[in-house]
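Have the sequence and the 3D view ready, and follow along point by point.

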Amino acid sequence: MELAELEIFRAVALAQSVTRAAQHLGRVQSNVTTRLRQLEEGLGVDLFRRDNKRMTLTPQGQRMLDYAERLLALAEEARQAVLGATPSGRLRLGSMEAAAASRLPEPLARFRADWPQVAVEIQTGTTQALAQAVVECRLDAAIVAHPAAGRPEDADLRELGEGLEGRYLFTEELMLVTPPGHPRPRTATDLQVRSLAAFAHGCTYRKCALQWLAEQGGDPGHWMLLDLNSYDAILACVMAGAAVAVLPRSMIDMRRVPAGAGLLPLRPVHSYLVRRAGFDTAALSEFARLLAA
């Protein structure tokens, strides 16, 4: 196997299309098809199902993708290691939606100004999805939140994913947001709305909200969970009186929650920059320094 073949295989797997993969890689379509066939012939298995020009991974292809991600990540790490302390190559970062909006713009702008030769890729998602992407070498590092209360240094980051380590970045204050006109609740049992608007399963803030409901006597099993994909949609549900939500204060400050909505502090939640144990590149180290600053 050659790294070029693995890169082509990964691109086709992610795009589910030879045409789109060829465009992404800057190669002609026939070259992508030929190299992919060579890889399959060398392995002696079909890595893709080819249905109506759509390429989907076979079980063998899915297993191969896991190894390809790790091999390509290791090759990139090795390449950057021998180049010394100058950031180069590619930096793949993950971030929760709130952190991407409120914490990343300034350090990213500074990093881009200092190191324009580094190709930075940003992916947003829930803590669970991002942590898994780091473990599987699909991301170099990610900004995630740990649900444990207490001191930041006491959190076990391995609970988020096998073999993860990281550094503390900041603490968010979670706020309960209630619809306009809703009486200020003292406990979860005072809530008149029995729907929670939140990001999908895997979101730490969602997990903290459900923990709060359980601790306050508001049985989460009796609640309807509205899975949404943006803070704007979450706030819209709250303002319409269809749900309550738990949001980080930074997003509330940025979105300027309309007058009349209720705000109740719940608890602090600590955020970290996580990576695979032992993984490091000059680009990641420099960005981590800017982010911490």
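Helix H1 covers residues 3-15, and its 13 residues at 1.5 Å a residue should span 18 Å, which agrees with the 18 Å between its end C-alpha atoms. That expected span is 1.5 Å times one less than the number of residues. Helices (H or I, at least four residues) and strands (E, at least two) are DSSP runs, numbered from the N terminus.

The model is predicted: local features need pLDDT of at least 70, side-chain atom pairs count only at pLDDT 80 or more, and totals for chains, interfaces and linings use all residues. Residues are numbered from 1 along each chain as its sequence is written, and side-chain values use heavy atoms, leaving out hydrogens and water.

**Around helix H1**
- Among the buried residues of H1 are Leu6, Ile8, Phe9 and Val12; buried means under 20% relative accessible area, exposed over 50%, and partly exposed in between (1.4 Å probe, protein chains only).
- The cover over the buried residues of H1 includes helix H2 (18-25), helix H3 (29-43) and helix H4 (59-82), along with strands E1 (48-51), E2 (54-57) and E3 (90-95).
- Just after H1, Gln16 has a positive phi of about 55°.

**Leu71**
- Leu71 sits in helix H4.
- With 37% relative accessibility, Leu71 counts as partly exposed.

**Cysteines**
- The disulfide count is 0, where a disulfide is a pair of cysteine sulfur atoms within 2.5 Å.
- The closest cysteine sulfur to that of Cys203 is in Cys208, 8.3 Å away, which is too far for a bond.
- Cys203 counts as buried at 10% relative accessibility, and Cys137 counts as buried at 7%.

Technical notes
Contact = heavy atoms within 4.5 Å.
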